[in-house]
Amino acid sequence: MALAATTSDPSPALAQALLSERLERRDLSKPVFNKAKPGPTRYPPWLEGTWRCTATFAGFEFPSKTMSKNALIKEPTIPGFQKLSLAYVPDVGTPEIVYDVRFAKFEGIEGVLEDRAFNLKSIVNAYLGKDAVSSVEYEPTRDANRTTVNIKPGASPNAERIELFANARESETRRTDGTFFASEASRQVTLGYGRDFGTARVVNTDYQHVWTFTPVLSEGGAEEGAEEGAEEGAEEGAEEGVKVNEGAKVNEVKVTLSTAGYVQANDAFRFTAAPNAAGGAPMPSLGGAAGAAFEPAVLYSHTMTLRRV
């Protein structure tokens with residue numbers, strides 16, 4: 001087989017189709033969360049280290065067939081419409097931005113993980129163009145699913161603190177070229193300055209990121225091999241694949257980031273309301289709202305190049 005799939009979340013809903021297949025179809029429906037907490041994503045060993053990332057905005061679209069585009073573009077709480085409403089892409093439409101990211105090993109956890117504290121501080125500071133982050137609280141050995149980003153007072157009118165909660169994760173490796181796929185569905189709680197004294201502004205956003213990491217393999221960094229397999233009643237055959245050699249040092253990685261932003265469940269009624277034939281107020285659609293709560297309201301695309309520092 002050409003794909004080796006792994007998942008950090010045991011949810012059966014996530015296992016219905018491979019992540020790569022859903023991404024190709026642009027099927028980025030909101031995962032159905034379960035009570036099991038997802039573990040941290042284990043990244044390929046060749047990603048370990050510090051990288052200079054050049055990120056380029058590649059466009060956006062409104063894919064929903066049930067929610068009004070005209071209504072959505074007027075809604076400031078859609079993920080990405082305001083600065084810092086997407087922690088990993090704090091200002092979505094920035095044409096190009098450069099920052100450093102790091103993947104590392106953590107004591108007590110097997111494999112290579114994202115250094116989330118380092119990365120989020122680097123990303124937010126780069127997008128805001130200033131030393132805006134006072135601290136990032138993240139302890140993967142204690143709780144891999146919660147991150148707190150503290151913004152310095154006055155650095156942004158949209159946030160003074162961001163709470164990130166990961167609700168589902170999934171990962172997969174494509175054997176043909178070594179591409180690593182990783183998805184994370186999150187709820188972000190952004191706390192900012194309220195209009196009334198002593199009252200904080202709280203905005204909840206739900207979204208999903210899907211990254212693809214494709215190593216640019218130099219000579220000696222990969223090997224071609226044949227994987228034999230046979231299904232019952234079929235002839236045995238070999239299928240070529242590419243495997244990154246153990247210990248090989250990858251110095252460049254091509255990355256794509258697809259981001260799906262969702263509306264809150266209570267807002268879905270408003271965005272799917274149909275005109276009243278009698279001329280009265282628009283009537284909410286219960287069936288339409290149920291579907292709208294899980295389909296992307298907006299999709300953003302970014303391309304990135306990582307070069308080893």
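Modeller: Let us start with Phe-103, which has a relative accessible area of 6% and is buried. Please bear in mind that this is a predicted model.

Biologist: Why is Phe-103 called buried?

Modeller: The term buried applies under 20% relative accessible area. Phe-103 has 6%, so the residue is buried. Phe-213, at 4%, is therefore buried as well.

Biologist: Why is Glu-48 called partly exposed?

Modeller: Glu-48 has a relative accessibility of 32%, so it counts as partly exposed. Glu-48 is placed in the loop between α1 (19-24) and β2 (49-61). Leaving aside neighbours within four places in sequence, its contacts are Phe-103, Ala-104, Lys-105, Val-112 and Arg-308.

Biologist: How many aromatic pairs are found in the whole structure?

Modeller: The search finds 9. In one of them, the rings of Phe-103 and Phe-213 have centres 6.0 Å apart and planes at 90 degrees.

Biologist: What makes the pair of Phe-103 and Phe-213 edge-to-face?

Modeller: Ring centres must lie within 6.5 Å, and planes over 60 degrees apart count as edge-to-face. With centres 6.0 Å apart and planes at 90 degrees, the pair is therefore edge-to-face. Phe-103 belongs to strand β3 (residues 96-105) and Phe-213 to strand β9 (residues 200-215), so the pair ties together parts 110 residues apart in sequence.

Biologist: Why is the pair of Phe-180 and Phe-213 called tilted?

Modeller: Planes under 30 degrees apart count as stacked and over 60 as edge-to-face, the rest being tilted. The planes of Phe-180 and Phe-213 are at 40 degrees, with ring centres 6.5 Å apart, so this pair is tilted. Ring pairs link Tyr-43, Phe-103, Phe-180 and Phe-213 into a cluster.

Biologist: Why is strand β6 described as largely enclosed by the rest of the structure?

Modeller: In β6 (residues 143-151), 7 of the 9 residues are buried, so the strand is largely enclosed. Strand β5 (residues 133-139) runs antiparallel to β6 and is joined to it by 5 bridges. A hairpin of 3 residues connects β5 to β6.

Note on methods:
Residues numbered from 1 in each chain as written. Predicted model: local features only at pLDDT ≥ 70, side-chain atom pairs only at ≥ 80, totals over all residues. Heavy atoms only, no water. Helix = DSSP H or I, 4+ residues; strand = E, 2+ residues; numbered from the N terminus. Buried < 20%, exposed > 50% of the residue type's maximum accessible area, 1.4 Å probe, protein only. Contact = heavy atoms within 4.5 Å. Pairing = 2+ DSSP bridges.
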